[in-house]
Amino acid sequence: MYMENAPLVSIIIPAFNAGLTIEKTIESIENQNYGNFEIIVVDDDSKDNTVDIVKNLADKYANIKLLTNPGKKSVSAGRNYGIDNANGELIMFVDADDRLLPDMLSILYKELVDQNIDICGCSFFAWMTDDEWNSKIVSEPKKINSINYDSFDFLNKEFLNKNNTRCWAKLYKKDAIGITRFDENLVIGEDALFIISLLKKDIRLSELNYQGYGYFQNPNGAMNRSFEPKYMDQITCWEKIREEAVSMDSSTKDMLTMKLLMSIMLVAGKLAKCDTDKKAEYRRYIDICHDKVKIELSDKGGYKLLDKGYKLKVRLFKAFPRIYSMLYRIL
């Protein structure tokens, strides 16, 4: 479905060592039935054949631009550099191992125009094998329904209650993004903080039940790896998100404190699974998590929203952090 006079969409793909996946990611975008888009691949000094693959695809498709960010190297920095170099009136972010169904762009664009909104998002489906992906392509489409939100409603109904904190699977008006950028100091949670920053602008959004974005469940993804110091960003991002969100709606504080406590316990769990030779090196991070739990429990509002399992974990970790870590590792 080529839409005559449809505006240019800039699709930004940050890439690092994505040689195994990026070709099919780009091909899924090139197969869109929306005809006017550019693909901006921002390479993060890949050490594999990512650059060669993208260059070969650029010879095949004239709408591909390969850039190397001269500044900081990270997913956030790559997305920011992509925004700065985007020519489109509309922006979309795609990860280098994910894929789009052929009608995703056209469906989101139509909703954006019909509802006169700033950001249109859709649902997603997770896949791990090409067979799973291919079965989704040929599956019968379901009736598409949408819900419109202002910033306040999206914060409460989507961001907090449905965990719709993703920056991908959304089509943005570039004017709505404006000067807002991803926090380049975060490697986890940067997309959620980006969304919160946009919501503070009092924008209009729509969410579709249509599953147009294919999210690759990478078994070697960041959240499945052993603890590294950068995982402390899991806590930092929710601290920053709470600060921003509460400035919009003070009633969200308890819900956000609950999510922060869950994030602290997630990090504590990763720390507990560290190899024995790493325990001493990472002990200070356990102490940081312990101190933060004690601070957050000084106000019981967030704690009361936790389920029974998390309440037990939080109480045990607060009282006996070393014992908690030992039991977590054993169990």
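I started at Ile22 and listed its neighbours, skipping residues up to four places away in sequence: Ile22 touches Ile13, Ala15, Val41, Thr50, Ile53, Val54 and Ala96. A reminder to myself that this is a predicted model.

Next I looked up the core. The largest nonpolar core holds 101 residues, and Ile22 is among those with the most contacts inside it, together with Met92, Leu108, Phe159 and Tyr172. Which helix gives the largest share of this core? I found that helix 10, residues 253-272, supplies nine residues, the largest share.

**Overall build**

I counted 14 helices and nine strands in the protein. The radius of gyration came out at 21 Å, close to the 20 Å that the globule rule gives for 331 residues, so the protein is as compact as a globular protein of that length. Along the principal axes, the C-alpha atoms fill a box of roughly 65 × 45 × 40 Å.

How much of the chain is buried? Buried residues make up 51% of the 331 residues. I also checked the contacts with a separation of 6 or more: 80% of them are between residues 24 or more positions apart.

**Leu101**

Leu101 sits in the loop between strand 5 (99-100) and helix 4 (104-115). Buried or exposed, this Leu101? Leu101 has a relative accessible area of 8%, under the 20% cut-off, so I put it down as buried.

Its neighbours, again leaving out residues up to four places away in sequence, are Gln32, Phe125, Trp133, Lys136, Ile137, Tyr210, Gln211 and Gly212. I then checked Leu101 against Tyr213: the two are 112 residues apart in sequence, yet their C-alpha atoms are 6.3 Å apart in space.

**Salt bridges**

Side chains of opposite charge can pair when their charged atoms come close. My search of the whole structure turned up 19 salt bridges. I went through three of them one by one.

Asp84 and Arg181 came up with their side chains meeting at 2.9 Å, N to O. Why note this pair? Asp84 lies in helix 3 (residues 75-84) and Arg181 in the loop between helix 7 (174-177) and helix 8 (190-199), so the bridge ties together parts that are 97 residues apart in sequence. Arg181 is partly exposed, at 28% relative accessible area.

Lys240 pairs with Asp183, and their closest N and O atoms are 2.8 Å apart. Lys240 belongs to helix 9 (residues 233-248) and Asp183 to the loop between helix 7 and helix 8, so this pair links parts 57 residues apart in sequence. I compared the accessibility of the two partners: Lys240 is partly exposed at 30%, whereas Asp183 is buried at 17%.

Glu239 bridges to Lys292, the closest N and O atoms being 2.7 Å apart. Here the partners are in two helices, Glu239 in helix 9 and Lys292 in helix 11 (residues 276-296), so parts 53 residues apart in sequence are tied together. Glu239 counts as partly exposed at 25% relative accessibility, and Lys292 is partly exposed at 23%.

I also looked for bridges that share partners, and found that Lys24, Arg99 and Asp130 are joined into one network that way.

**Surface patch**

Which residues form a nonpolar patch on the surface? I got Phe320, Ile323, Met326, Leu327 and Ile330, with about 480 Å² of accessible area together. I followed up on Ile323, which I located in helix 14 (residues 321-330). Ile323 is partly exposed, with a relative accessible area of 39%.

**Positive phi**

Last, I checked backbone angles in residues other than glycine. Asn163 has a positive phi of about 55°. I placed Asn163 in the loop between helix 6 (151-160) and strand 8 (170-173), and it is partly exposed at 47%.

Asp202 also has a positive phi, near 60°. Asp202 lies in the loop between helix 8 and strand 9 (204-216). With a relative accessible area of 62%, over the 50% cut-off, Asp202 goes down as exposed.

How values were computed: Residues numbered from 1 in each chain as written. Predicted model: local features only at pLDDT ≥ 70, side-chain atom pairs only at ≥ 80, totals over all residues. Heavy atoms only, no water. Salt bridge = Lys/Arg side-chain N within 4 Å of Asp/Glu carboxyl O. Helix = DSSP H or I, 4+ residues; strand = E, 2+ residues; numbered from the N terminus. Buried < 20%, exposed > 50% of the residue type's maximum accessible area, 1.4 Å probe, protein only. Core = buried A, V, L, I, M, F, W, Y, C linked by side-chain atoms within 4.5 Å. Contact = heavy atoms within 4.5 Å. Patch = residues over 30% accessible without salt bridge, like charges linked within 9 Å, V, L, I, M, F, W, Y side chains within 5 Å. Areas by Shrake-Rupley, 256 points an atom, 1.4 Å probe, with all protein chains shown as cover. Rg over C-alpha atoms; globule rule 2.2 N^0.38 Å.
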